[in-house]
Amino acid sequence: MHVDTILSFDEAMEKYDPVLGFEVHVELNTKTKMFSSAPNAFGDAPNTNVNEVCLGLPGVLPVVNKKAVESSILIGLALNCKIAPHSTFARKQYFYPDTPKNFQTSQYDDPICYDGWIDIELEDGTVFHVEIERAHMEEDAGKLTHMGGSTGRIQGADFSLVDYNRSGVPLVEIVTKTIEGAGSRAPELAKAYVAAIREIVKNLGVSEAKMEHGNVRCDANVSLRPHGREKFGTRTETKNVNSLRAVENAVKFEIQRHAAVLDSGVAITQETRHWHEDTKSTTSGRPKSDADDYRYFPEPDLVPIVTTPEWVEELRSRLPEPPAERRKRLQADWGYTDLEFRDVVNAGLMDEIEETVAAGASAAAARKWWMGEIARRAKLADVDPAALGVSPAVVVEIEKLIASGAINDKLARKVLDGVLEGEGTPAEVVAKRGLAVVSDDGALQTAIDEALAAQPDVAEKIRGGKVQAVGAIVGGVMKVTRGQADAGRVRELILKTLGVEG
Amino acid sequence: MTANELIRSSAAEMAAKLAAGEITSVELVQAHLDRIAAVDHGERGVNAFLYVNTEEALAVAADVDARRAAGEELHELAGVPIAIKDLIVTKGQPTTAGSKILEGWMSPYDATVIKKIRAARMPMLGKTNLDEFAMGSSTEHSAYGPTRNPWDLDRIPGGSGGGSAAAVAAFEAPLALGTDTGGSIRQPGAVTGTVGVKPTYGAVSRYGAIAMASSLDQIGPVSRTVLDSALLQEVIGGHDPQDSTSLTDASTGLAAAARLGNVKGMKIGIIKELHGEGYQTGVENRFNESLELLRGAGAEIVEVSCPNFGYALGAYYLIMPSEASSNLAKFDGVRFGARTLPTEGPLTIERVMGATRAAGFGDEVKRRIILGTYALSAGYYDAYYGSAQKVRTLIQRDFAAAFEQVDVLISPTSPVTAFKLGEKLDDPLAMYLNDVATIPANMAGVPGLTLPGGLADEDGLPVGIQLLAPAREDARLYRVGAVLESLLEAQWGGPILDQAPALASTAAEEAN
C-alpha cells in the first residue's frame with residue numbers, strides 16, 4: 001500500500017497556515033424516519049426497519065417528519081442560526097445503491113437554519129469563534145458492506161450487502177464557514193468543535209449523539225496556504241471521522257501530508273480522503289470537484305416547510321441550558337478547581353461525572369475514578385473513556401464498597417478490572433475473585449505476630465517509641481495477606497500488640 | 001336484460017339495478033369478463049387489458065352480493081366493476097407501468113385510490129394498457145403491444161391511457177382509473193368517444209401511482225358518462241396524509257353538480273389560442289356546435305386570450321422529462337423488477353444498472369430521460385428547467401386572468417381525431433402536438449374534463465370537447481359537462497357509442 005510522506009507538524013506549521021471547514025452530520029433520534037413511518041432504530045437485523053417508502057418502491061411518496069423539523073430548528077437555534085420562514089427540499093441525484101431512489105432528498109439553496117455561530121473553548125481557555133453557514137435537513141443513506149475485497153471498499157469486492165435500516169433516517173448537516181486563524185491549534189479546534197456539536201445535540205435530546213454508532217459524523221476539510229497568502233489552497237475532505245480523537249488526528253495528519261506534498265512542488269488533489277484508525281493516516285477516496293453535478297432540483301413531491309415566528313419562539317422556549325452555562329454551574333456545584341474542571345471537560349467526561357454524582361457518589365470520588373483509573377484503562381485500550389463500558393452505577397457501587405471497608409483502593413482497581421472483563425457487578429467480582437478485605441482480627445493477629453517475629457529489631461524500635469517504623473511491619477502483613485487487609489486496622493493491631501499508643 | 005345490454009349501461013344504471021336487486025354483482029362482473037374474453041385478445045383484439053383479475057373480481061362481487069342480501073348498507077358503487085390503469089400499484093395483481101423493466105413485479109402495497117376502491121367494494125377487472133410509464137399519446141409505446149381503438153381497430157386509442165379509454169369504449173368496463181400528466185386521461189377520452197377527468201392537482205392522492213412527473217401527474221376517472229366520472233371521483237378523491245401535495249378538501253358534491261341540469265347565466269370562455277389553426281376541420285365543426293348548444297341553454301359564450309399557452313408545450317417538454325428523469329432513476333434492477341447483466345466486460349454495479357436500463361426501457365422513455373437529465377445539468381438548469389418554471393407561472397396567471405372573466409373555459413380536447421397506428425411513431429414532435437390543448441391544465445394544476453362532442457365529418461371518428469375550471473372547482477366541470485352531454489345525446493338520439501361499429505369476437509381467433 002502506498003504510504004504518504006508527511007512533514008513533522010511543527011515544520012508544517014512553520015511554513016503553512018491551515019484553513020479548516022467541517023460538515024457534521026447528526027442523526028436525529030426521532031421514532032420514525034425523515035420521510036416515512038418506518039422505525040428509526042439502530043442495531044436491528046438488516047432490512048427490518050423498512051417500508052415501501054424508504055425502500056423507494058414504485059409509486060411511493062415522501063411525507064416530512066414534523067418532529068425532525070422541530071429537532072432541526074432546535075439545533076439551529078442552539079447554534080445561533082436564523083430560521084428560514086420558508087424552506088424547501090431538493091433532490092440530489094446520483095446512482096449508487098445506498099440510496100434506493102438513486103437520489104437523496106436534501107435541502108439545497110434554502111436550508112432551514114443559516115448564519116449561526118458557536119464559540120469553541122480550547123483546553124487552555126482560548127476561545128475560537130466559529131461561524132455556521134447552514135444546518136439543513138436530509139435523509140441518511142443505507143449501509144453498504146463490501147465483501148471479499150481486501151480494503152472493504154467497493155473496488156475489488158466480490159459482492160456488496162445492503163442494509164436499508166439507515167435509509168431515510170433523519171439527518172441534520174451542520175456546515176461551518178471556512179475557519180481561518182487556527183494555526184497550530186487546528187487539530188485541537190477540530191476536536192473541540194465536534195465535541196461541542198455532540199454536546200449540544202445530546203443536551204438538546206435530539207440525537208443519541210454516539211459517535212461510535214455514527215450518530216455524529218464529521219467530514220473535515222483541510223487546506224494549507226503559505227503564511228501571508230490570502231488565497232486558499234486546494235482542500236481535501238476526510239470523510240466520516242468517527243471519534244473525537246480521530247478528528248484531531250485526521251486533521252493533524254492531513255496538515256502534515258499537505259505540507260509534504262506542497263513542499264515537493266506538487267499540487268494537492270481535490271478529493272475525499274478516508275481515515276484509517278489503525279494506521280492513523282488517510283488514503284485517497286474519490287476525486288471531488290466543485291463542479292460535481294448532482295442535478296439538484298426542487299423536490300416536487302414535498303411542499304415547502306413554513307415556519308411561523310410563533311412556532312420558532314415556542315421551540316426556542318424549549319431550549320435547555322446552553323452547555324457553556326451548564327459547565328459553569330457544574331464546576332461550582334462540584335467544587336473543582338479550574339484546572340480540574342478543564343481536564344474533565346477535555347476528557348469529555350462531564351456527563352459521566354454528572355450521572356455518577358447523581359447516582360450517589362461524591363464529586364471528588366467521581367472525578368477520582370473517571371479521570372484516574374477509568375481514563376488510564378481507556379487510554380490503554382485506545383478508546384474514549386465513556387466508551388470503555390464502565391457505568392456510573394459501577395463507580396458508585398465500588399465507592400460504597402470502599403466506604404464500607406469491604407475493599408480498599410488497591411482492591412477496588414482489581415474490582416474494576418473484573419467488571420471490565422465482564423465478571424458482573426462490583427459485588428459479584430468481589431465475591432468471585434475473593435477480593436474482600438481480610439477483616440478477621442484473628443487471622444490478622446496471626447499474620448502480625450509472624451511479622452513481628454520475623455523482624456524483632458523493628459519491633460524493638462517501635463516499642464522504643466519509633467512509631468513510624470510500624471510501616472515495615474504493616475508492609476509485611478500486607479504481603480502475607482496479598483493486599484487484602486485494611487492497612488489502618490493492621491497498624492492499630494500492631495501498636496496494640498506492642499503496647500504502644502498510636 | 002341481456003348481458004350485452006347490461007354492459008352498455010352506465011355505471012350509475014348498473015348501481016341502481018344492483019341496489020334494486022335486478023342483477024347481481026357476480027352477473028355484472030361475469031358479463032364484463034365475458035366481453036373482455038370476446039373482444040380483447042388476439043391479433044385483432046382491443047388489447048386494453050394487460051392483466052385480467054378474474055378470480056378476485058368474482059370473489060369481491062360474490063361478497064358484495066352476500067352483503068347486500070344480508071341487508072348491509074353498501075357504497076353506491078359497490079359491486080360495479082372497474083378497470084385500473086397499470087401505472088397504479090395493486091396488491092395481488094402485477095403492475096408493469098407498460099414497461100419490460102417491471103415485468104412480473106408485484107407491489108407489496110396498494111395505492112391509496114386502490115384502498116378506496118376496495119373500501120367501496122368495487123370489483124377490479126384488471127390492469128389496463130398504457131404507453132410505457134405513461135409516456136405517449138397513442139399507447140403504441142407500451143412494451144406489451146398497442147391498444148386498438150374500438151371505433152377503428154387500425155387506429156390509436158390515444159395515450160397514455162389508451163387501455164382504460166378503450167376498455168370503457170368497448171364495454172369491457174363501465175369505469176376505469178386513468179392518470180393524466182399532460183392529457184393522458186383526456187386525449188384518449190376524446191379519440192375513443194368517452195368521458196375522462198383530470199381533477200384539480202391534489203384532489204386525488206397520487207400515492208401508489210408510479211410517478212412520471214410528480215408536479216403534473218394526477219389520477220382521475222374514465223367513464224362513458226359525465227355522472228359516472230363524478231361518482232368515481234367522489235370515491236377516489238379526498239385528503240391523503242401519505243401524499244404531501246394532496247388537498248384537504250372533501251371529495252363531495254360532484255355527482256350533485258352533474259345532476260343539477262342547468263347552465264343558465266354561466267359564463268363560458270373560448271380560449272382563443274386553443275382552436276383554429278392546427279385543428280382538424282371536423283373537430284372545429286363539432287366544437288362550434290357544442291358552443292351553440294350551450295348558448296341555447298342560456299350560457300354566455302365569450303372569447304378569452306391566454307397568450308402564454310403557446311409556450312406551454314415547450315415548457316412542458318422540459319419540466320416533465322426533468323422530473324421523469326429523476327423519478328425513473330430508481331428503476332435500476334437492484335431492488336425490484338427485471339435485471340439485465342451486461343453481455344461482456346466486468347460485472348460492476350454501474351454496468352449492471354446500465355445494462356438493465358438499456359434493455360428495460362423503450363425508446364420514448366429513454367428519450368425523455370436523456371432530455372430531462374440534460375435539462376437539469378449544471379450550466380443548463382437556469383436556461384431550461386428554470387425558464388420552463390417561469391413559463392409555468394405565466395400559464396397560471398393566464399388561467400387566473402381568464403377565470404376572472406368566466407366560470408369555465410372550453411376548447412377541443414385534441415386537435416385531431418384518432419390517427420392510424422404507426423402514423424406518428426417515428427415523429428415524436430407530431431406525437432407531442434396531440435396534447436397541445438390538454439397540457440396547460442396540468443401546468444396550472446386546474447381540473448379538466450373531456451366529453452364526446454360528436455363525430456368528425458371527414459372521418460366519422462369521435463371528437464372531444466374539453467372543459468376547464470379553476471382549481472378546486474371540479475364541480476363546475478361536472479355541471480356544465482352533464483348539461484352539454486344531455487343536449488348532444490338528445491341531438492344524436494342516444495350515447496355516441498351507439499354509433500360505434502360492433503366489435504367482432506376475437507375469442508375464436510385466439511382459441512386457434
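Which residues does B:Ile82 touch, not counting residues up to four places away in sequence? In this predicted model, where local features need pLDDT of at least 70, side-chain atom pairs count only at pLDDT 80 or more, and totals for chains, interfaces and linings use all residues, B:Ile82 touches B:Ile117, B:Met122, B:Met124, B:Leu125, B:Ala173, B:Leu175, B:Ala176 and B:Leu177, a contact being a pair of C-beta atoms, placed from the backbone, within 7 Å. Residues are numbered from 1 along each chain as its sequence is written, and chains are lettered from A in the order in which they are written.

B:Ile82 is also among the members that touch the most others in the largest nonpolar core, which has 242 residues; such a core is a set of buried Ala, Val, Leu, Ile, Met, Phe, Trp, Tyr and Cys residues joined through C-beta atoms within 7 Å. A residue is buried if 20 or more other C-beta atoms lie within 10 Å of its own, exposed if 12 or fewer, and partly exposed in between.

An unreviewed UniProt entry lists B:Lys85, B:Ser160 and B:Ser184 under "active site", with positions in the numbering used here, shortened feature names, and annotations that may be inferred rather than shown by experiment. These residues span 100 residues in sequence, yet no two of their C-alpha atoms are more than 10.7 Å apart, so they gather at one spot.

B:Lys85 belongs to strand β2 (residues 82-85) of chain B, strands being DSSP runs of E with at least two residues and helices runs of H or I with at least four, numbered from the N terminus. B:Lys85 is buried, with 32 other C-beta atoms within 10 Å, and B:Ser184 is buried with 36.

Notes. Two residues are in contact if their C-beta atoms, placed from the backbone, lie within 7 Å.
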